[in-house]
Amino acid sequence: MVNKAYLTMYKEDNVEVAKTSYCCPNISNEVFKNLGVIDFNMCQSLHQEEIKQLERWEREFRLDRLKFTRLKVVTCALSAAATLFTPELSDARISWIKHSVLAYVVDDFFDVGSSQQEQEKLIHLLDKWDIDEDTEFCSEAVEIIFLVLRDTISESADMALKWQGRCVKAHLIQIWMDVLTTMGREAEWGRDKVVPPMDEYMENGYVSFALGPIVLPTLYLVGPKLSEEIVASPEYHGLFKLMSTCGRLLNDIQTYEREATEGKLNAVQFHIIRGGGTINEEDSIKELREIIGENRKKLLRMILETKDSVVPRACKDLFWDMSQVLHLFYSKVDGFSSPNELLTAINEVMYMPIDCNEMKRE
């Protein structure tokens with residue numbers, strides 16, 4: 001949206017006033033403006049084709065049969081287009097969007113769409129990975145989710161092989177295993193009416209928020225080589241944890257009222273409980289926003305740090321880009337669950353090209 005807004009406000013005959021009035025052709029230039037418009041419209045057309053491809057993928061893997069889930073291809077595509085908009089990053093966008101959709105599916109599966117037996121079966125299948133043709137899936141939902149997870153992980157690993165020159169499938173499987181395990185733990189807390197300590201909730205919650213399957217596979221597809229040593233480094237994990245913690249808290253703030261009625265754990269509730277009656281909802285949210293602000297500062301410092309940094313800057317930037325996306329989606333409501341709040345942004349970025357003739361008339 002920023003690029004489009006800049007183009008629509010761009011003045012090729014812009015006059016600067018200092019000691020004298022002057023027009024700088026290297027900055028204000030009709031050719032630059034027209035090239036920018038052409039580039040934006042071309043990228044938008046490519047994104048539209050990718051959405052059609054992804055909608056076919058949803059149908060092919062029967063995701064539309066899962067009535068309990070929120071299928072949000074276009075919403076996920078907006079988050080990808082906002083961060084990975086150039087044509088050469090198509091692999092990265094496709095991976096980002098597919099894993100985003102699956103993060104929704106799995107989250108809804110553990111929240112409302114499954115029994116304890118189904119949850120344990122899905123975790124077992126992913127852990128086993130190689131299954132026999134006569135494997136018993138327990139339910140259609142488990143079968144659909146496992147098969148699409150396995151295919152998407154394998155596809156992302158194949159794409160990463162082209163960029164990285166090494167196989168990263170084991171890492172991608174582990175990323176998803178961590179998410180399923182932490183979601184399963186939260187489901188168990190809910191069934192047993194357990195209220196864990198706040199530290200334990202957050203240590204589990206930043207992983208169960210499921211940004212790992214979206215961002216971490218994409219890092220392999222943006223250009224720089226990521227060795228096993230880099231992926232295992234404290235810097236890599238620190239960037240991920242700060243980004244995910246911000247996301248978890250932003251989500252908890254916007255979903256607090258709904259989750260409270262559903263009896264689900266939430267960081268806002270934890271702060272109220274911890275206050276022993278001295279902290280109300282408003283105070284709790286204010287405290288959480290302060291924590292988010294501090295974590296964003298730490299994240300930005302890590303991204304800008306060059307001394308002793310092992311994570312390539314292009315990869316570090318992706319953690320910040322996702323942080324920005326989260327603030328857009330959770331600025332007023334839970335934008336992932338209420339996509340109508342983002343309808344203007346979706347239409348502007350994904351479907352409404354810039355009309356050069358209209359701009360000239362203006």
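## A pair on helix H13

At 48% relative accessibility, Lys297 counts as partly exposed, since the exposed class begins over 50%. This comes from a predicted model. The partner of Lys297 is Glu294: the two form a salt bridge, and their closest N and O atoms are 3.7 Å apart. Glu294 is partly exposed too, with a relative accessible area of 41%.

Both residues belong to helix H13, which covers residues 281-304. Because Glu294 and Lys297 are three residues apart there, about one helical turn separates them.

## A pair on helix H14

Let's move on to another salt bridge. Asp317 pairs with Arg313, and here the closest N and O atoms are 2.6 Å apart. Helix H14 holds both of these residues, four residues apart, which is about one turn of the helix.

How accessible are the two partners? Asp317 is partly exposed, with a relative accessible area of 27%. Arg313 is also partly exposed, and its relative accessible area is 43%.

## Salt bridges across the chain

Over the whole structure, a search finds 13 salt bridges. One of them brings the side chains of Arg62 and Glu140 together, with an N to O distance of 3.8 Å. This pair links distant parts of the chain, as its members are 78 residues apart. Arg62 sits in the loop between H2 and H3, whereas Glu140 is in helix H6 (residues 140-164).

Arg62 is partly exposed at a relative accessible area of 27%, and Glu140 is partly exposed at 36%.

## The largest pocket

If you are looking for open space in the model, the largest pocket has a volume of about 1,000 Å³. It is lined by 43 residues, and those closest to its centre are Asp107, Asp111, Arg248, Glu259 and Lys264. Several helices give two or more residues to this lining: H3 (73-83), H4 (90-111), H7 (169-192), H8 (198-208), H11 (234-262) and H14 (313-329). The greatest contribution is that of H4, with seven residues.

## Helix H3, buried or exposed?

Nine of its eleven residues are buried, so H3 is largely enclosed by the rest of the structure. The buried residues of H3 include Val73, Thr75, Cys76, Ala77 and Leu78. Further along H3, Ser79, Ala80, Ala81 and Thr83 are buried as well.

## A nonpolar patch on the surface

Finally, have a look at the outside of the model. Val31, Leu35, Ile38 and Met42 make a nonpolar surface patch of about 400 Å². Met42 has its place in helix H2, which runs over residues 30-60. With 56% relative accessibility, Met42 counts as exposed, because that class takes in residues over 50%.

Note on methods. Residues are numbered from 1 along each chain as its sequence is written. This is a predicted model: local features need pLDDT of at least 70, side-chain atom pairs count only at pLDDT 80 or more; totals for chains, interfaces and linings use all residues. Side-chain values use heavy atoms; hydrogens and water are left out. On a 1 Å grid over the protein atoms alone, a cavity is a set of points where a 1.4 Å probe fits but cannot get out, and a pocket is an open set with protein on both sides within 12 Å along at least five of seven lines; lining residues have an atom within 4 Å of a point. Grid points are joined across faces, edges and corners, and a volume is the space filled by probe spheres set on the points. Patches are made of residues with over 30% relative accessible area and no salt bridge: like charges are joined within 9 Å, nonpolar side chains (Val, Leu, Ile, Met, Phe, Trp, Tyr) within 5 Å. Accessible areas come from the Shrake-Rupley method with a 1.4 Å probe; for residues, only the protein chains shown count as cover. A salt bridge is a side-chain nitrogen of Lys or Arg within 4 Å of a carboxyl oxygen of Asp or Glu. Buried means under 20% relative accessible area, exposed over 50%, partly exposed in between (1.4 Å probe, protein chains only).
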